[in-house]
Amino acid sequence: MPDKQNIAAWLSRVGAKLELGPAPIPEHGNDELLIQTKAVAIQPAEYKIQDGVLPFPLSYPTIIGLCFSGTVVQMDPGVTRFHVGDRVVTNSAGTLRNDARFGALQRFALTTQQLTAKIGEASFEQAAALASNLYGAMSALVLHLHLDKPSTTPDLSNKAKKVLIWGASSSFGANAVQIAASAGYTVVGVASASNAGLVNSLGATEFVDRRHASAAEDLIAIGPFHAVLAAADSAKDQEVIGTVLAAQGGGTFLSTMGVREGVKLPDGVKGVFAQFLDDYLDLKNADFTSWEWWEDLEEAVAKNQIQALPTRVMGGLSNTQDAWDLLRQGKTSGERLIIHPNSD
């Protein structure tokens, strides 16, 4: 066993502030790896669990956090793809498992080999930032919106199909823009005007300012849209999306948060929500899961194929609450906040 004590950021209940405290070093089971965590990519879902906005049925006290990178220190003998000392990035799916041993916000955490990728010499911070939403964006576009996978030789007919990514400067949206563009689609990105340059650099062909009074009119003129993903959207944003889809005769948009309370969409327009991590735990998607984690993600990291958002290291576990508060207050945009669990 590792000779270093395990420390975790514990959430005692919904609404409570995080507290640092000791935690047992988890013991691995079948197909599981024990990782010494080096970098955790902080995600908005975490503070929303703290606030009770995302009502996961968790047993408290618990340790949350999903996407992290680190070094393999132990593993089940049945694990053949990884070795002790490997530098990896992973999604532990801890909140879906309701198991604190898989929570990322601790010095040592469990994960499974199915949701783990090797990162070679890439930095732990960049690997965690990249993986934190690449898997979700890939699932959203390919499994739910039924777009093609990225390809060096995309279907030429895809160029005539326009894909709208609302919230294109968010981490999730930035990944989605690059994936759709790499699959040959014409991507229209919507974000704040200050992020226009970023969105265009990711592969968007056209950009619309989400705050502009003519946003709906501009998008209607650009459309119709083959697929619509709301990667980061408010109630007001969803009303604009509804107006745009109604103008093209109706349609469905996929939202990372679902239709907001109080939003009334026009007839013929529907907003749907999916828990993208669930897709990778569903055995019927086993081939897709192994492709994404063991081929696509590893290649993206090795060849620097996907541009991850810039990272900001907040510090150790004691700074996690500050990171959540920044996200809650909307004081960070176009960057991924990182925690170093072993630096406290």
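Ala93 is located in the loop that connects strand E5 (87–91) to helix H2 (94–97); helices (H or I, at least four residues) and strands (E, at least two) are DSSP runs, numbered from the N terminus. Although Ala93 is not a glycine, its phi is positive, at about 55°. The model is predicted: local features need pLDDT of at least 70, side-chain atom pairs count only at pLDDT 80 or more, and totals for chains, interfaces and linings use all residues. Residues are numbered from 1 along each chain as its sequence is written, and side-chain values use heavy atoms, with hydrogens and water left out.

The protein divides into domain 1 (7–122 + 304–339) and domain 2 (144–277), with bounds that come from an automatic or database domain assignment. Between the C-alpha centres of domain 1 and domain 2 the separation is 28 Å. Domain 1 contributes 15 residues to the contact and domain 2 contributes 13 residues, where contact means heavy atoms within 4.5 Å.

The size of an interface is often given as the accessible area lost when the parts come together. Here domain 1 and domain 2 bury about 1,100 Å² between them, with 63% of it on carbon and sulfur atoms; buried area is the accessible area (1.4 Å probe) that two parts lose on being put together, summed over both. Of the area that domain 1 buries against domain 2, 46% comes from Ile306, Gln307 and Leu309, more than from any other three residues. On the side of domain 1 that touches domain 2, the residues comprise 8 nonpolar, 5 polar and 2 charged; Ala, Val, Leu, Ile, Met, Phe, Trp, Tyr, Cys and Pro count as nonpolar, Asp, Glu, Lys and Arg as charged, and the others, Gly among them, as polar.

The whole structure contains 8 salt bridges. One of them joins the side chains of Asp51 and Arg328, at 2.9 Å from N to O. Asp51 belongs to helix H1 (residues 44–51) and Arg328 to helix H10 (residues 320–328), so placed that the pair links distant parts of the chain, 277 residues apart.

Notes: A salt bridge is a side-chain nitrogen of Lys or Arg within 4 Å of a carboxyl oxygen of Asp or Glu.
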